[in-house]
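Here are my notes on this model, point by point. Please read them with the structure open.

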Amino acid sequence: MSFDGVFTHAMVSELSETLATGRISKIHQPYENEIILVIRTKGKNHKLLLSAHPSYARVQLTEIAYANPDTPPNFVMMLRKFLEGAILEQIHQVENDRVIHFTFTKRDELGDLQNIVLIVELMGRHSTIVLVNKENGKILDAIKHIGSSQNSYRSLLPGVEYIDPPKQTQQNPFESSKEKVFEILSKASELNGSYLQSQFQGLGKDTADEIAFRLNERPNEKMLVWQSFWSSLEHELAPTLTITEKKEFFTPLPFSSLEGKQENFVNLSELLDTFYGGKAEKDRVKQQGGELIHKIENELKRNQSKLVKLQQTLADTEHAENYRRDGELLTTFMAQVPKGAPFVELPNYYEEDKLLKINLNPALTPNQNAQKYFQKYQKLKNAVKVVHGQIEQTNQEIRYLESVLSQLEIAGPMDIQMIREELIEQGYVKNRGAKKQKQPKKSKPEEFYSSDGSLILVGRNNLQNDQLTLRTAKKTDIWLHAKDIPGSHVIIKESDPSNETLVEAANLAAYYSKYRLSAQVPVDYVQVKHVHKPNGAKPGYVIYENQKTIYVTPDEQLLETLKTNTPH
């Protein structure tokens, strides 16, 4: 379901009940299009997320952790100036549209009470957040500045009068009279979702299809079905996540028109955290890590090309003896080699005096041609000594780059900075911070607990992997890693874990690897004392021996269970 007018209505009711008369204690702008207001009410802090993201625009309370930039953007500085310490007086939806007004009161420097409205417009790629002075209707600031050249209907710039988005002309389903609704439903030649959307405000496609489905199931009780649906929204909310074969849907009620596995939630915000959490995080990683991914992909291609050339050079060395043979034949039968000829055929005493065709450079003397062949032979012989080392070094480089890409695929926004620091340290990324930057918080491996309460640690980047395996783990702990593929180091903090714990830890190692979407992923496990890091190896790279292998199919649901388990 989209965050339509109906869902907005339900969310406004939920937020009004939870946040009424709350005071803003903190304001953050963790990402370009998202604001977090920490509102304290009834002795508890609530994180209110206001998102103007082009794909994931929404308003909700959230439990997801967000990293805040070292330097606050201008918009959040303006919000802090006018809203820090302000009291939330009202949350109001404009008719059944996706526009929400948060009205706050706060005393200014002179002690006068001022009313400030924070307006959130959830309009897909046109979504925005606007701070408005209620008394004069002027915009104080907006998260996206829109001038008249971009929008002829209205400007969203500081000092300009705020103009509402174009009003919807259809009926508000929450306020329409029974008579009007009956008239609209009765005159439909075909009662489907599209028709309902054309007649009523704020109905997303999924909501309209659901109402039409219910109406068509009981065609003789249309008004009863209609009233029942809207009454349930007001009094019997049941936030539901429906997972069909192709898509996931979030709805304020279980929708009969959607066939799939359904999961219920305590409130709408918890539902949205589950639905949007992973999707929005992946998108943020794509935005923040896009530059890193592009850089690493280019480096990977460069090293793969280099490897092909090195392997060709190694293949060429197999023909080195042919160059030596040709040089010797030219030297032995030099008197028979004509000057200026493009080739010569000479007896090959290495193969029972068969004639061998030898290509020549017509510009060189017979002796110079012979020396050229000896030089090629010597060059290739010398190359053998270094090519094997270069191939191994390039293979290590490729493995390392693949491991970083694999980590970026499952990294949360808070992991990106650590991976960036690692890449700066390894020389792949330039440190653009000429100014002295804040030292990033030292990230810790992710913690899980197996079914029997054993602690399992998972490294989320290569620096963590090294720290975890080489410094934190005991020699008797069990180390796991997806076999021969990039992935995280996993440690079971036990010397003799149960088989169940071993399988669960292997599942984590498979999930946090390049093959997380594969079945029957081989995972090696061994005591930490058998794991070693070669001198000069890249972060995260180790060698090991005496391992055993277990095969598992990554299970994201098991991962969530292990994350919420507690130690016994």
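1. Buried, in these notes, means under 20% relative accessible area, and exposed means over 50%. F229 has a relative accessibility of 2%, so F229 counts as buried. W230 comes out at 7% and therefore counts as buried. Keep in mind that this is a predicted model.

2. Aromatic pairs come next. The structure holds 19 of them. In one, the rings of F229 and W230 have their centres 5.1 Å apart and their planes at 90°, so the pair is edge-to-face. The cut-off for that label is an angle over 60 degrees. There is also an aromatic cluster, formed by F3, F7, Y56, F250, F275 and Y276.

3. Two lysines sit over tyrosine rings. K376 places its charged end over the ring of Y373, 5.5 Å from the centre. K538 lies over the face of Y400, with 5.5 Å to the ring centre.

4. Which residues of helix α2 are buried? In this helix, residues 74–83, they are F75, V76, L79, F82 and L83. These cover an arc of only 130° around the axis, which puts them on the same side of α2. The general rule is that an α-helix has 3.6 residues a turn, so residues three or four places apart point the same way. On the other side of α2, N74 and K81 are exposed.

5. What covers the buried residues of α2? The cover includes the strands β1 (23–31), β2 (34–41), β6 (99–107), β7 (113–121), β8 (128–133) and β9 (139–142). After α2 comes G85, with a positive phi near 85°.

6. Strand β8 holds T128. Is T128 buried or exposed? The relative accessibility of T128 is 2%, so T128 counts as buried. Leaving aside neighbours within four places in sequence, T128 is in contact with A52, I119, V120, E121, I143, K144 and L156.

7. Now the nonpolar cores. The largest has 47 residues, and L37, L48, L50, L83, F102 and L118 touch the most other members. Take L50. Not counting residues up to four places away in sequence, L50 touches N33, E34, I35, L37, R58, V59, F102, L118, V120 and I129. Another core, of 25 residues, lies apart from the largest one; among its members are I410, A482, A509 and V521.

8. Helix α12 is mostly covered, with 10 of its 13 residues buried. The buried residues are T501, L502, E504, A505, A506, N507, L508, A509, A510 and Y511. A509 is also one of the residues in the core of 25.

9. Last, a loop. P219 is found between α5 (205–217) and α6 (222–235). The relative accessible area of P219 is 43%, which means that P219 is partly exposed. L191 is 28 residues from P219 along the chain, and their C-alpha atoms are separated by 9.8 Å.

Conventions:
Residues numbered from 1 in each chain as written. Predicted model: local features only at pLDDT ≥ 70, side-chain atom pairs only at ≥ 80, totals over all residues. Heavy atoms only, no water. Buried < 20%, exposed > 50% of the residue type's maximum accessible area, 1.4 Å probe, protein only. Helix = DSSP H or I, 4+ residues; strand = E, 2+ residues; numbered from the N terminus. Arc of directions from axis to C-beta. Contact = heavy atoms within 4.5 Å. Phe/Tyr/Trp six-rings, centres within 6.5 Å; stacked < 30°, edge-to-face > 60°. Lys NZ or Arg CZ within 6 Å of the ring centre and 35° of its normal. Core = buried A, V, L, I, M, F, W, Y, C linked by side-chain atoms within 4.5 Å.
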